[in-house]
Amino acid sequence: MTRSAILGLGHYVPSKVVTNDDLAKMFDTSDEWIQQRTGIKERRYIEESGIGPSDLAVPAVKMACENAGIEVSDVDAIIFATLSPDFTFPGSGCFLGDKLGLAGVPALDIRNQCSGFLYGLQIADAWVRCGMYERVALVGGEVHSTGLDFTDEGRDVAVLFGDGAACAIVGPAENDDQGVLDVEVHADGSGAKELWIEAPASAYMPRITHEMIDNRSVWPAMNGKQVFRWATTKMPEVARAVLERNETTVADIDLLVPHQANRRINEFVAQKLELPPEKVVHNIQRYGNTTAASIPLALSEAIQQERAKKGDLILMAAFGSGFTWGASLVRL
Ligand SMILES: CC(C)(COP(=O)(O)OP(=O)(O)OC[C@H]1O[C@@H](n2cnc3c(N)ncnc32)[C@H](O)[C@@H]1OP(=O)(O)O)[C@@H](O)C(=O)NCCC(=O)NCCS
């Protein structure tokens, strides 16, 4: 079977920079609190209403195609990972395909939150290995800023998230040294309500009421301490499982590209894996948590900054709402 590989990456973030001090003008928080607890200094928000994740994904896909040395018209499948789709239905992948002029190209939306990129990578890898598709645009894209509660009651979540999109073109490996070596993903729905948005919900009749708005069920709700505990346990656990299965040691890893949820979580994970700080990518200080976009955005930037290059062994790990988590080992 042909091994798959990440052939090129691209990313895009909106131009509106929102600093911690900007947020402190809207609700009771401070730059010091946010930086100390999360490492975030600023994040990006869409400039105006009407810009969805599929819009942010367009330049990200174009950049990824350019870096992969292909035309956008060569893309033969889209996977769109997002927890903030443009609309409830149809999926953002359909909107993206239309915006890219890819009529007829299949578009699969997946809903695996912060682990979405790794879930998508497992699907893209399987498609390419079995010969079904050859140029998969695997996109992570989020617009969080339209769904945050910018009041004192929502401040624990509102400070964390930012908007952005990134794309990896996954196709057959060009040589034996390159490729997606492994992807392992998990879920445990017993933690589903530790980080979720309750409404609108198909489970309720009607799906949305004034009462739901008044009692704040329409905003993301998070048990931060529980998420922190799970993330710092599951990310090193799954990363170790992938390393062991591939007879790889931490010393072989050129770069750890973790999901960017909280700098403290990632420092903890690196410490548990005994990875030196210079081998860990952090860009949360500039973008906050961009959920499904965060890993490809961090990897795309690392390549752009020549921190990662062809032939490097990259370990990726994620944890997020669901709960979902996973890790992957990729030779660029
Ligand atoms: C969210 C998180 C930073 C909060 O840090 P924490 O140390 O657990 O803080 P706590 O929730 O105990 O809150 C401490 C205090 O700060 C307050 N606080 C919460 N958000 C605040 C904010 N944005 N600004 C200022 N104070 C805030 C709380 O109300 C609380 O006040 P109290 O002691 O008077 O009750 C942390 O739990 C975390 O990062 N969790 C993981 C979240 C995550 O990664 N989510 C995405 C997963 S993909």
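Domain bounds in this talk come from an automatic or database domain assignment. Good morning. On that basis, the chain has domain 1 (4-172) and domain 2 (179-331), and their C-alpha centres lie 14 Å apart.

Two remarks on the source are needed. Residues are numbered from 1 along each chain as its sequence is written. The model is predicted: local features need pLDDT of at least 70, side-chain atom pairs count only at pLDDT 80 or more, and totals for chains, interfaces and linings use all residues.

I begin with the contact between the domains. Two residues are in contact if their C-beta atoms, placed from the backbone, lie within 7 Å. By that criterion, 46 residues of domain 1 touch 44 residues of domain 2. On the domain 1 side, at least two residues come from each of β1 (4-12), β3 (42-45), α5 (116-129), β6 (136-142), α6 and β7 (164-172). Helices here are DSSP runs of H or I with at least four residues, and strands are runs of E with at least two, numbered from the N terminus. The greatest contribution to this side is from α5, with seven residues. By type, the domain 1 side has 19 nonpolar, 17 polar and 10 charged residues. In this count Ala, Val, Leu, Ile, Met, Phe, Trp, Tyr, Cys and Pro are nonpolar, Asp, Glu, Lys and Arg are charged, and the others, Gly among them, are polar.

Next, the ligand. How many residues surround the ligand? There are 19, and the closest are Thr29, Arg155, Asp156, Gly224 and Ala261. A residue is near a molecule or strand if its C-beta atom, placed from the backbone, lies within 6 Å of it. Both domain 1 and domain 2 provide at least three residues of this shell. The helices α2 (31-38), α6 (155-158) and α8 (224-245) each supply at least two, and α8 gives the most, namely four. Nine residues of the shell are nonpolar, six are polar and four are charged.

I turn now to the strands. Two strands pair if DSSP finds at least two bridges between them. Strand β4 (residues 77-81) runs parallel to β5 (residues 107-110), with four bridges, and isoleucine 79 is opposite leucine 108. β4 also runs parallel to β6, through five bridges, and there alanine 77 faces valine 136. β6 in turn pairs with β7 in the antiparallel sense over seven bridges, with glycine 140 opposite alanine 166.

Is β6 buried or exposed? A residue is buried if 20 or more other C-beta atoms lie within 10 Å of its own, exposed if 12 or fewer, and partly exposed in between, with C-beta atoms placed from the backbone. Seven of the seven residues of β6 are buried, so the strand is largely enclosed by the rest of the structure. Val136, Leu138, Gly140 and Glu142 cover one side, while Ala137, Val139 and Gly141 are on the other.

Helix α11 (residues 294-304) is likewise largely enclosed, because 10 of its 11 residues are buried. Among them are Pro296, Leu299 and Glu301. Glutamate 306, with a positive phi near 60°, follows α11.

Finally, two loop residues. Phenylalanine 87 is in the loop between β4 and α4, and phenylalanine 87 counts as exposed because it has 11 C-beta neighbours inside 10 Å. Glutamate 198 is in the loop between β9 (195-196) and α7 (210-214); with 16 other C-beta atoms within 10 Å, glutamate 198 is partly exposed. Thank you.
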